[in-house]
Amino acid sequence: MWERFGLSVMQRMDPERAHALAITALKTGLLPLGGPVTSPRLATTLAGLALPNPVGLAAGFDKNAEAVPALSRAGFGFLEVGAATPHAQPGNEKPRLFRLSEDAAAINRFGFNNEGMEAICGRLAEAPRQVPVGLNLGANKDSADRAGDFARVLAHCGPHLDFATVNVSSPNTERLRDLQGRAALEGLLSGVMQANADLVRPLPVFLKIAPDLSDDELAEIAEVALAQRLAGIIATNTTLSRDGLTGPHRGETGGLSGQPLFEKSTRVLARLYQLTDGRLPLIGVGGVGSVDQAWDKLRAGASAVQLYTALVYGGLSLASRIAEGLDEKLKKAGASSVTEVTGTGVDAWI
């Protein structure tokens, strides 16, 4: 009841202000959060990470790692914070976040606004956590060496992380997506993986890709990911497509997330599973707002899923509800683990 009331109030506010209020509420530590949802069926291993359940928080919600202790008790099986860049940057001019309530979606053009790796790393070093926590690595907009920025952030923050994600798929930093091409991506990942190898405790490193890629581009990314021995791929980030939108903000520039992204991102996920022969763990993100959609992502090839925009419309308890629903679905399917379901429905999306 209180969550529904809070959502109704916040959805009348400017969306970026409402988001800041949500982070502040979590930081107080007063919200009744029960901890990670788990069961023998839900508990799974992802790239060596022991997850209580396969439902994660996507990057972007807690950009500056301010609410990690609370979020780790909010039902999620893992968290991803950031993106973090070497130096603090304000991001793009406001307004830069738009609700599309009619489409259960959002458009953002934040531009990697964050307090920089020093501040974020300091919080991660001190934050108690009940689930694995990773950092989305970014590059500064004015950097002369964007590829090197990713390695710098990892080298600095790595000792306080459980995993890291290379984000070359945000549409809101000019020419960042160009780093998804084979030559640029190979060079970037070589530097990141060397920085990872230099850590006392090397981490699983994931790559987050865009949904707006051709089949040939996906094939190249799959080849590079396997050759570089990445821990997995996160599919996908936001889209530039505006197909089928009805809301008044549909013409805003930026990345579209939420329900309209579900089909596109799931097709990319299934294609990657096919291209990698299921050898590379995949995290499905994009439009996950229900138990059935999380289930579809798993069957399309995901070993775990992430959500963010759906929390705007469904509340923070959505993570627990989806995890509990997946447990029930696994039980009804006679499956003893998530891995028994992963990839069983790929053909429906190809």
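Residues are numbered from 1 along each chain as its sequence is written. Because the model is predicted, local features need pLDDT of at least 70 and side-chain atom pairs count only at pLDDT 80 or more, while totals for chains, interfaces and linings use all residues, and side-chain values use heavy atoms, with hydrogens and water left out.

Eight strands close into a barrel, in which the order is β3-β4-β7-β8-β9-β10-β12-β13 and the pairing is parallel; here strands (E, at least two residues) and helices (H or I, at least four) are DSSP runs numbered from the N terminus, and two strands pair if DSSP finds at least two bridges between them. On average, neighbouring strands of this sheet are turned by 25° against each other, direction ignored. Val 55 stands opposite Val 305 in β13.

A further sheet is open and is formed by three strands in the order β5-β6-β11, with antiparallel pairing. Each of β5 (97–100) and β11 (255–258) has a single partner strand and stands at an edge, so one side of each is left without a neighbour in the sheet. From one strand to the next, the twist averages 20°. The antiparallel pairing of β5 with strand β6 (residues 105–108) extends over four bridges, and Leu 97 stands opposite Asn 108 in β6.

Two helix pairs were examined by means of their axes, which are lines fitted to C-alpha atoms, for helices over the stretch in contact, with angles that run from 0 to 180 degrees between N-to-C directions. Helix α6 (residues 182–197) packs with helix α7 (residues 215–227) at an angle of about 25°, and their axes are 10 Å apart. This makes α6 roughly parallel to α7, given that angles under 35 degrees count as roughly parallel, over 145 as roughly antiparallel, 65 to 115 as roughly perpendicular and the rest as oblique. The axes of helix α9 (residues 291–299) and helix α11 (residues 318–333) come within 9 Å and cross at roughly 60°, which makes α9 oblique to α11. The crossing of α6 and α7 is right-handed, as is that of α9 and α11; a crossing is right-handed if the near helix is turned clockwise from the far one by less than a right angle, and left-handed if anticlockwise.

Some backbone details lie in loops. The peptide bond from Lys 94 to Pro 95 is cis, with omega near 0°, and Pro 95 is found in the loop between β4 (78–84) and β5. Another cis peptide bond leads from Ala 235 to Thr 236, with omega near 10°, and Thr 236 lies in the loop between β10 (232–235) and β11. Ala 47, although not a glycine, has a positive phi of about 50°, and this residue lies in the loop between β1 (44–46) and β2 (49–51).

The second largest pocket has a volume of about 270 Å³. A pocket is, on a 1 Å grid over the protein atoms alone, an open set of points where a 1.4 Å probe fits, with protein on both sides within 12 Å along at least five of seven lines, and lining residues have an atom within 4 Å of a point. Of the 14 residues that line the second largest pocket, His 19, Lys 63, Asn 64, Glu 66 and Asn 113 are the closest to its centre. The lining comprises four nonpolar, four polar and six charged residues, where Ala, Val, Leu, Ile, Met, Phe, Trp, Tyr, Cys and Pro count as nonpolar, Asp, Glu, Lys and Arg as charged, and the others, Gly among them, as polar. The volume is the space filled by probe spheres set on the grid points, which are joined across faces, edges and corners.
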